[in-house]
Amino acid sequence: MRAPDGTVVTQFDLHDCEAVSLIKYDALSVEAMDKIHNCIDLICDYGYAERKETLKETYESLIGIYNLERDNEDMWKMIWEHKVSSLFQMEQQSGIQGIALTHPKSVDDLAVLNSVIRLMAHERGAEQPLNKFARFKENINLWYDEMKRYGLSEKEIEVLEPVVKISYGICESQEKFMQLVQLQECGGFNLTWADKLRKSIAKKNPAEYEKLTKEFFEVTKEKGCSKKLCEYVWNVLVATSRGYGFNASHTLAYSLIALQEMNLAFKYPIIFWNCACLISDSGGNESENKEEENISEVETFGEFSNCVEEFSDEDEDDEGNDGLSSEDSSKGKKKAVRTANYGKISSAIGKMKMSGIDIAPPDINKSTYTFSPDVENSIIRYGMSGIVKIGDDLVKSIIENRPYSSIEDFLLKIKINKPQMVNLIKAGAFDSFGDRESLMIEYIESISDTKKRITLQNMKMLIDFGLIPEGYDMEKRVYNFNKYIKKCKIGTQYYGLDNIAMNFFDKHFDIDNLIPTDDSESGFMVKQVVWDKIYKKYMDRIRPFVKEHNSELLEKVNNKLMEDMWDKYCLGSISKWEMDSVSCYFHEHELEDVNEYYYECSNFFELPEEPEIDRIIPIKGKQVPLFKIRRIMGTVLDKNKMKKTVTLLTKDGVVTVRIFGDVFTHYDKQISEKNPVTGKKKVVEKSWFSRGNKIIITGIRREDFFVAKKYKNTPYHLVELITDIKDGVITTKGVRAGDEE
């Protein structure tokens, strides 16, 4: 198809594209370039290097390929000790393990390792190439011993040394096995034939590989080549790459990019590199591609009770528009706004913390838009724009009006709504002004609309808070009735007497006070002066009670106003506040005090990388292994609907959970029910994989993933939602709403 700008786009298979002369390019270092660019900017911004006229000149002066430190042992030790996070192409467990096993000391070492970590043993139970490489690198004589065991002569060993000694006896690249088959002692095949071998391996074409294997041994036999040498070359050296062929141009380029990153981490305070990685990993370089907030149109409705005693007005939530302009809120619309990818942010922070890197809460006087380095204290500070509900315009205003000496000073300078202010306090942005919980109490007091005295104007509040004694039941009902009929007033008449109201009036008052009319449902209305006289009579009965108990009522009302406001915005621990506002924990995990072993949960990182076999059973003539089932618990950080994965922050680190098929959808769906009267929907239960939910997953560890799995006799649900945590004890549910039967 042709894109709007004229670009031709195809979804054809790679090989079909190649057949019509297209060439595939892999742009694999984009994220690395972001991190390098971020780091260079930070180094220059903080005065540790001079920014040149162009980015290219700045780049060349700092880490140009000819300006790199290559041999400093202290720099290489930094990667041995895993101090350089996100080292290019070495971020995964295979790279981390490879560095730990082999301790590379040069670009050549790193380049070979870059290839070796991609290789797999070509036979079940055989030694992994990485482990073999580590042995040979530790003691190169082991390679010579291997060649001698295969019967190679000293002269034949000398033939192989120029090709594979640099990689410690491992043939890890396409170029090496192409060189080997072109050696006269190994048949002297031409470059075209060697390239066929490369393609059979790189394109994973086993039939072609078998054909070339047969041809190799036929030709070498015809030419009288050493059988032992050729068998060693093909069955040991070439076979190492049989499952995957990596080329030297890739691996050397990869290693030079990693060397540039190492230089940035070594020559300058490492906090710059760590901060640059965190900015990139958390989506800070994706400003043009931020997700738009999903605005749900699902509404919730309370139950309707058809009795006059329930007549009351709904209080409107003045924060319902989440800080939109009055123009937008007056139209009853919710404006779609740009929002941070909190799942990505919290996952990146979790991984940083696992590496021992300190992340500090945002600070109202110090934080920038995104993560920023505190060089003096060697910590990374959370950015203002990563706080929930804090948009770019507000961040700009906050930065422009600095400094602030107190919350009161801040509120005088900045226009902000309640949820935004609450989230700033929850996140710790004002911690420099005092204890976070105390600051929150003071702010909630200031917005709770507490009263200085109580009068009958506060009657609705007294009724709602249950502060009117039972002896005044009729006065309460008259008060509610008064509010109800006043909704329909024309001139000096009340026309709000529908059939329900009429029944109440007829039961308790003189019907002779009513005037017939065709303008109300009941056929009657009441004059304002008449009704006001009746209403005053009943209110005068309760007035003395309010006056006599004014101090007591005032205290209870204000306490309840504070309590309601606290319940609305501030429920939970400091840790929960942090998850609500910044989707990570600066304090301890919410599940920190829960004894995981009591709930038969494990530390994911202590589980074997491959699932343990519990027992083997015969099924249809085959011996099928049943694995030991494990459980892990944590807080949901993110989910990927396409990949069917959930990112879980456990007490021990970040874990990616795979949940296959419709099972993921079952636990992820939002459950709603339709009101049969209005036809509108209300949410009964949100996705269990919503960010911030605490869950338990049952399954097995497989390499770097936890895979949700259970058997028929497994005594747990596959997924359990933690509904309450109190004093280290959790309450869970394993069945979704509507499935209880």
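Mentor: About 60 Å³ of space lies in the largest cavity. This is a predicted model, where local features need pLDDT of at least 70, side-chain atom pairs count only at pLDDT 80 or more, and totals for chains, interfaces and linings use all residues. Residues are numbered from 1 along each chain as its sequence is written, and side-chain values use heavy atoms, with hydrogens and water left out.

Now the terms. A cavity is a set of points, on a 1 Å grid over the protein atoms alone, where a 1.4 Å probe fits but cannot get out. Grid points are joined across faces, edges and corners, and the volume is the space filled by probe spheres set on the points. The count comes to 1 cavity of 30 Å³ or more.

Lining residues have an atom within 4 Å of a point. Leu-607, Pro-608, Glu-610, Pro-611 and Glu-612 line the largest cavity, together with Lys-628, Arg-630, Ile-700 and Arg-701. By class, that lining has 4 nonpolar, no polar and 5 charged residues. Here Ala, Val, Leu, Ile, Met, Phe, Trp, Tyr, Cys and Pro count as nonpolar, Asp, Glu, Lys and Arg as charged, and the others, Gly among them, as polar.

Charge pairs come next. The model has 35 salt bridges, each a side-chain nitrogen of Lys or Arg within 4 Å of a carboxyl oxygen of Asp or Glu. One of them joins Asp-540 and Arg-543 at 3.0 Å, N to O. Both residues lie in helix 25 (residues 528-548), 3 residues apart, about one turn of the helix. Helices are DSSP runs (H or I, at least four residues), numbered from the N terminus.

Methods:
1 Å grid on protein atoms, 1.4 Å probe; cavity = no way out; pocket = protein on both sides within 12 Å on 5 of 7 lines; lining within 4 Å. Helix = DSSP H or I, 4+ residues; strand = E, 2+ residues; numbered from the N terminus.
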